[in-house]
Amino acid sequence: MEELSRAQWLVGAGHSAEIDLRGIYARHAAALSEESLAAALEAYRGAPAGSEEHRSARSLLDWQIEARAARETARLEERELEWEATAMVRLADGRAIPYQRAHIEIANGADRAERLRVDAARADVVARELAPLRRERFAREREVVESLGVAPSYIDAIETISALPLRALGEQCARFLRDTEDMSRELLGDVLRRHLDIEPADAARSDALALARAPEFDAAFPGAELQSRVMRQLGEMGLDPDAGGRIVYDTAEREGKRARAFCAPVRIPAEIHLVLRPHGGASDWTTLLHEAGHALHFANARADLPFEHRWLGDNSVTEGYAMLFDHRMQDKGWLRRYTGLAGAELSRFLRRAGFEELRFLRRYCAKLLYELDLHGGVVPERDIPALYAERLSAATGFRYSPNDAYADVDPRFYAGRYLQAWQLQAVLADTLTGKFDEDWWRNPRSGPWLRDTLFAEGQRETAGELAARVAGRPLDFAPLVAAIVRLVEG
C-alpha cells in the first residue's frame, strides 16, 4: 500500500510521467494469493456479526477484492494516468492546452465562446482516447469482483463487503432530487441571469465551472495568503497544521501536476502529502481546507492501530472530515475572521455558496443513480452515454456531454462515499457546535477533541457508526437542505 500510494503521489504531483503499478503488484504477489483471499473470506464468515473480529475481517476481505481488481486493471490504470499527464487538448485554431490545465482554463476564461470551444475540444479528446480505457477498466473490474463469488453481483459486493448502502442511498438521492427541484430551478435562473447573462436553457457544464470559480470575490481570497491563513485557523483550534512535520504541503504550480487536488497518505501516520494545483480564488481555499481535513485525519491516526483501520475502511469517514473543514467556507463567522469578506459582499458570497452546495449535491445524487445503472447490467452499453448526459443535465440544469459518460465516474461507487460524507459532516458540525459553541473552529479545545476522539481511530468505524457514536442519529439529507435554505435566504 505504501508503494502504491507513493507511486500515485509522484505521478499526480507532476514529479513523474510514468507509473509501474504492475511491478508493485508483482513484487507483492503473496499478499494477493489464493491463500490470502481464502484466509480473509474464512475470517469474515467465521467472525460473529458486530464483533471487532468481524469488523477487521470485513475490511481485509474488501481490500483483497479491491486489490485483486486493481491488479487485474493495473495496465489500464497506468495508461490512464500516463495519458492524463501527457494528453493535449487541441483547438481548431491550432492551439494546444495540456489536458490537466483544461478545467483551469475553462473556469478562468472570461470569454464564454472560448470556454465552450475549449470544453468541446476537451470532450472530444476524452471520447477518443480516455473513454475507451475507462470503459474497459470498469467492465474488467466488475468481471473480477463477480468471478470471486463473494456476492451475487458487483453492486451486492460493494453493499455487503464494502459496507456502502448503495440502494438505500440511491433512494435517498431520488427523494432529495425531487424535494429540491423547485429550489434548484429558481436559484439557477437567478444566478445564470445575474452573473453570466444567459438563460437556463443555454447553460452548459463549462458555465458551471465558470460560476464556481466566482472571480468577483478574488480580492477576499488572496492566493499568497491561502496557506498561512488556513494554518493559522487550524492552530487556533488547537491542531498542529503539519502534525509535527508528518504533513507536507505542496501548493505550487507545476507542469504535469493533476488539476484535481489530492491527499496521498504514503505512510500512515508518518508521511502524508497534500497536493494542490492552484486554480485561483475561493475555490483554492475550499480545496485546501478539504485536503487538510484528510491530511490531519491520516497524520493523527494512532500508529498502533492495525493495518486495516489505518489504511482501509469506509472512506466516507475521511471524506466527512475533509468536508467538515471545507464547509467552513459556508460559515459566516469563519469567513469574517479569516477572509476579506464583510457586509453585503459576504451575504452575496454565502448565497452563491448555497447555490453551489445545492448544485454539487444534486450532481452527486445524479452521479450515484447513473452509476447504479452503469454497473447494474440492465441498461445496454450503447445507451449509457445518453443516459449519463440526461441524468446529469436534468439534475444540475447544465448541459452535460455524453462524451464524459466514463470519464466522470469515480471507481467503486466513490460518489456514494462523498454523499455519505456530506451527511456526516453535518452531524459532526452540529456535535462540535454543541460541545464548543458556534465558533468551534477557533476554540483551542475542539482540535484536541477531534484529534483524540475521532482522527486517532483511523477508519475503524463506518460513517453510519461514527454518526451514531458521536450524535446518536442516522445519516440523512435533511440537515443539508436546511443549511442550504439558510444560506440562500440570508
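Here is a tour of a predicted model, stop by stop.

**Stop 1**

Start by selecting residues 247–250, 262–267 and 271–275, which are β3, β4 and β5. Together they form an open sheet of three strands in the order β3-β5-β4, with mixed pairing. The edge strands are β3 and β4, and each of them pairs on one side only. On average, neighbouring strands here are turned by 20° against each other, ignoring direction.

Now look at how the strands pair up. β3 and β5 run in the parallel sense, paired over four bridges. β4 and β5 are antiparallel, and five bridges join them. Click on Leu-274 in β5: Tyr-249 has Leu-274 as a bridge partner, and so does Cys-263. Val-248, for its part, has His-273 of β5 as its bridge partner.

**Stop 2: inside β5**

Stay on β5 and show its side chains. In a regular strand, side chains alternate between the two faces of the sheet. Which residues of β5 point one way, and which the other way? Glu-271, His-273 and Val-275 go one way, while Ile-272 and Leu-274 go the other, and all are buried. With five of its five residues buried, β5 is largely enclosed by the rest of the structure.

**Stop 3**

Next, follow the chain from β4 to β5. A hairpin makes that link through three residues. Select Pro-269, which sits in the loop between these two strands. What kind of peptide bond joins Ile-268 and Pro-269? It is a cis bond, with omega at about 5°.

**Stop 4**

The crossing is right-handed. To see where they touch, select the contact residues, including Leu-226, Val-230 and Leu-234 of α12 and Trp-285, Leu-288 and Leu-289 of α13. By class, this contact has eight nonpolar, two polar and two charged residues.

**Stop 5: another helix pair**

Jump to helices α9 (166–179) and α19 (414–436). Their packing angle is about 65° and their axes lie 11 Å apart, which makes α9 roughly perpendicular to α19. This crossing is left-handed. On the α9 side, pick Leu-169, Gln-172 and Cys-173; on the α19 side, they meet Gly-416, Leu-419, Gln-420 and Gln-423. The residues of this contact divide into three nonpolar, four polar and no charged.

**Stop 6**

Finish in the loops on either side of α19. Most residues other than glycine have a negative phi. Phe-413, in the loop between α18 and α19, has a positive phi of about 60°. Is Phe-413 buried or exposed? Its relative accessibility is 0%, so Phe-413 counts as buried.

Last, select Asp-437, in the loop between α19 and α20. Asp-437 also has a positive phi, near 80°.

Definitions and conventions: Residues are numbered from 1 along each chain as its sequence is written. This is a predicted model: local features need pLDDT of at least 70, side-chain atom pairs count only at pLDDT 80 or more; totals for chains, interfaces and linings use all residues. Side-chain values use heavy atoms; hydrogens and water are left out. Axes are lines fitted to C-alpha atoms, for helices over the stretch in contact, and angles run from 0 to 180 degrees between N-to-C directions. Angles under 35 degrees count as roughly parallel, over 145 as roughly antiparallel, 65 to 115 as roughly perpendicular and the rest as oblique. A crossing is left-handed if the near helix is turned anticlockwise from the far one by less than a right angle, and right-handed if clockwise. Contact means heavy atoms within 4.5 Å. Ala, Val, Leu, Ile, Met, Phe, Trp, Tyr, Cys and Pro count as nonpolar, Asp, Glu, Lys and Arg as charged, and the others, Gly among them, as polar. Two strands pair if DSSP finds at least two bridges between them. Buried means under 20% relative accessible area, exposed over 50%, partly exposed in between (1.4 Å probe, protein chains only).
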